[in-house]
Number of protein chains: 2
Amino acid sequence: MTITIIGIGLIGGSMAITLKENGFADKIIGVDQHQESLDKALRRRIIDEDMPLREGVENADLIILATPVDAMLQLLPQILDMLTDQVLIEVGSTKERILEKVKDHPKRKNYVATHPMAGTEYSGIEAAIPNLFDGKFTVICDGQDSDPAAVELVEKMYRSMNMEIARIDAKNHDVHAAYVSHISHISSFALALTVLEKEQDEKQIFELASSGFASTVRLAKSSPDMWTPIFRQNRDNLLDVLDEHINVLSQFRSFLIKNNFDGIHQAMEKANRIGEILDK
Amino acid sequence: MTITIIGIGLIGGSMAITLKENGFADKIIGVDQHQESLDKALRRRIIDEDMPLREGVENADLIILATPVDAMLQLLPQILDMLTDQVLIEVGSTKERILEKVKDHPKRKNYVATHPMAGTEYSGIEAAIPNLFDGKFTVICDGQDSDPAAVELVEKMYRSMNMEIARIDAKNHDVHAAYVSHISHISSFALALTVLEKEQDEKQIFELASSGFASTVRLAKSSPDMWTPIFRQNRDNLLDVLDEHINVLSQFRSFLIKNNFDGIHQAMEKANRIGEILDK
């Protein structure tokens, strides 16, 4: 099977590596607006060939759209226009706006909306790695609006990557993603800014930072170009979660102001339950 | 040299492993209010012998106090009362209150205030590991109030653990610790609570959590018994940093409300600088 991947970055590049390595793809074609990324992907043998968009679409059995989510809004209808019987998926971190955009397209059934829930704080083809998806979940959204054979092919592909599959409607996907992914990024960016502002006066401060701090601000290294459009498309859900998060922090603040350390202890005990869930 | 470690948990236990392994200690004596922890430490050969407090102090050349910081306030003057010419250090995450407590003690010069900036989200003797301190920084606070020979011994010990040494006064230590350690814990606890509250209705939510979420909430697994007294002793500094952090989050909130995605992009770009600092 020939797979064309549009957007050869962290996700697209890592999918290319995985799908070539496990034999699901015989050939990987890369499409990217940056020729430099394609050249790097060719040199690392992550793709077999690079092509312009239309040619890449025409030569594929399966097309994976892996650009930032703002570009998806533009590209998805254009690619659907080009399709004959190929299957098209995208791997964006938001779903409602993207699905809305193509809901009446005559080729809608060729398209399957997916979100492999994996990533790192790095971006670009340099960041593409094997095993990024191993053991993780992929969401398939609104699968009932896609051709069953297309969904079957896509599920087969994700299973070949050793991923588990969850089916969620687009609306719920975006709420869940706000809770388990998008707010973590906001929190991490904000924590980095809080400490960086202090650091302007105190150069020594980071010598003292231990691994706990590094873990909490890791996501603050993430790409603004990738995350700004995600936050834009999921603004309403993110605002809800951010309000709740600020409320919880304000509760901690209120405990501190009132010297209510029993309250803080109890809140931390409740929070500890996250360990049982994540370590299980 | 015989070293007595009071409080055989994550930090005390990991120091015992390291100092025995590198030959700095010939013998490690363990003191702990929980006999079960001492028995586990004996079985794992982390300590050579366990003793009651007074006997442990009398038989040591160097004493390391590694209890939670509330217990330190009680134990430190008691141990100083027992000293002849032994050197005593503590390894607490706060410094101002602890140093204030013993500032006029006749044996003050036998005591060196330190903070090895290392840890994990786990606690207790089960969590003790080798190499916890490798390449990390230790702070020595207000060293001018300690006997120079005592400081020299303590620096030699930390260097034997492959740690770098920073000298900071207690007041600045507590401000810095609030920025690079304590606020990360509050942020992580609060993020866990935010998502756990949602999860009461939506069991599936955690299946979708990727490694980024796990990284950001990792510290929320930390022990409330250890952290409540740290927050109590560093309350004022922590409140300052928490206010700043809530302000930065409120700025993100305001950008979202106003659909000011350029503002969000710029804030994230500024936050990205944390990567240059942490990865250098």
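Reader: How many residues of chain A are in contact with chain B?
Author: This is a predicted model, where local features need pLDDT of at least 70, side-chain atom pairs count only at pLDDT 80 or more, and totals for chains, interfaces and linings use all residues. Residues are numbered from 1 along each chain as its sequence is written, and chains are lettered from A, with ligands numbered from 1, in the order in which they are written. Two residues are in contact if their C-beta atoms, placed from the backbone, lie within 7 Å. On that rule, chain B puts in 76 residues, and the number from chain A is 76.

Reader: Okay, and which element of chain A gives the most to that side?
Author: Helices here are DSSP runs of H or I with at least four residues, strands are E runs of at least two, and both are numbered from the N terminus. Among the elements of chain A giving two or more residues to the side that touches chain B are E7, helix H8 (211–217) and helix H10 (235–257). The top giver, with 18 residues, is H7(A).

Reader: How many residues on that side of chain A are nonpolar?
Author: Ala, Val, Leu, Ile, Met, Phe, Trp, Tyr, Cys and Pro count as nonpolar, Asp, Glu, Lys and Arg as charged, and the others, Gly among them, as polar. Sorting the side of chain A that touches chain B this way gives 18 polar and 12 charged residues, and the nonpolar ones number 46.

Reader: Let's zoom in on Arg253(B). Which residues does Arg253(B) touch?
Author: Arg253(B) sits in helix H10 (residues 235–257) of chain B. A residue is buried if 20 or more other C-beta atoms lie within 10 Å of its own, exposed if 12 or fewer, and partly exposed in between, with C-beta atoms placed from the backbone; Arg253(B) has 19 such neighbours, so it counts as partly exposed. Leaving out residues up to four places away in sequence, Arg253(B) touches Leu239(A), Leu242(A) and Ile246(A).

Reader: How far apart in space are Arg44(B) and Ile125(B)?
Author: Look for Arg44(B) in the loop between helix H2 (35–43) and E3 of chain B. With 14 C-beta neighbours inside 10 Å, Arg44(B) counts as partly exposed. Arg44(B) and Ile125(B) are 81 residues apart in sequence, and from C-alpha to C-alpha the distance in space is 9.7 Å.

Reader: Which strands stand at the edges of the sheet in chain A?
Author: Two strands pair if DSSP finds at least two bridges between them. The eight strands of chain A form an open sheet with mixed pairing, in the order E3-E2-E1-E4-E5-E6-E7-E8. Each edge strand has a single partner strand, so one side of each is left without a neighbour in the sheet; these are E3 (49–50) and E8 (164–168) of chain A.

Reader: What angle does helix H4 of chain A make with E4(A)?
Author: Helix H4 (residues 69–82) of chain A packs on the sheet, touching strand E1 (2–6), E4, E5 and strand E6 (111–116) of chain A. Axes are lines fitted to C-alpha atoms, for helices over the stretch in contact, and angles run from 0 to 180 degrees between N-to-C directions.

Reader: Over in chain B, which residue of E5(B) is the bridge partner of Ile63(B)?
Author: E4(B) and E5(B) run parallel and are joined by four bridges. Both faces of E5 (residues 87–90) of chain B are covered, with Val87(B) and Ile89(B) buried on one side and Leu88(B) and Glu90(B) buried on the other. In E5(B), the bridge partner of Ile63(B) is Leu88(B).
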